[in-house]
Amino acid sequence: MSGNGSGIKACALCGKAFFGTSEDMACSDCEARYRRLRDQVREYLWHQPGQVAPIMQISADLGVPMKVMRALMKDPRFKGKGLEEN
Ligand SMILES: [Zn+2]
């Protein structure tokens, strides 16, 4: 690995600084929970017309914090697919 995209990042859930690649959105303590939320959002979108929904609506319906929704928009493994800014 070239280490490209690696660096100090802020965890999407607890805000703690951690070292990770561009694909890591949460620290090791929160990673499992983050992954569950990501799956929940993916599943939610699956049931939406056109598989698109505003992040505010998803946050309200699923109780996913907005900062996690914003992390999902930047998550290379999720690619913000189906997420609308409002
Ligand atoms: Zn964390």
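Analyst: Lys79 sits in the loop between H3 and strand E4 (83–84). Helices (H or I, at least four residues) and strands (E, at least two) are DSSP runs, numbered from the N terminus. This is a predicted model: local features need pLDDT of at least 70, side-chain atom pairs count only at pLDDT 80 or more, and totals for chains, interfaces and linings use all residues. Residues are numbered from 1 along each chain as its sequence is written.

User: Why is Lys79 called exposed?

Analyst: A residue is exposed if 12 or fewer other C-beta atoms, placed from the backbone, lie within 10 Å of its own, buried if 20 or more do, and partly exposed in between. Lys79 has 11, so Lys79 is exposed. Its phi is near 60 degrees, a positive value in a residue other than glycine.

User: What makes Gln51 exposed?

Analyst: Gln51 has 12 other C-beta atoms within 10 Å, so Gln51 is exposed. Gln51 also has a positive phi, about 55 degrees, and is not a glycine. Gln51 lies in the loop between H1 and strand E3 (53–54).

User: How do you know that E1 and E2 pair?

Analyst: Pairing needs at least two DSSP bridges between the strands. Four bridges join E1 (residues 7–10) to E2 (residues 17–20), so the two strands pair. They run antiparallel. Ala10 has Ala17 in E2 as its bridge partner.

User: Which residues is Ala26 in contact with, beyond its neighbours within four places in sequence?

Analyst: Contact means C-beta atoms, placed from the backbone, within 7 Å. With those neighbours set aside, Ala26 is in contact with Cys11, Ala12, Leu13, Glu31 and Tyr34.

Terms used: Contact = placed C-beta atoms within 7 Å.
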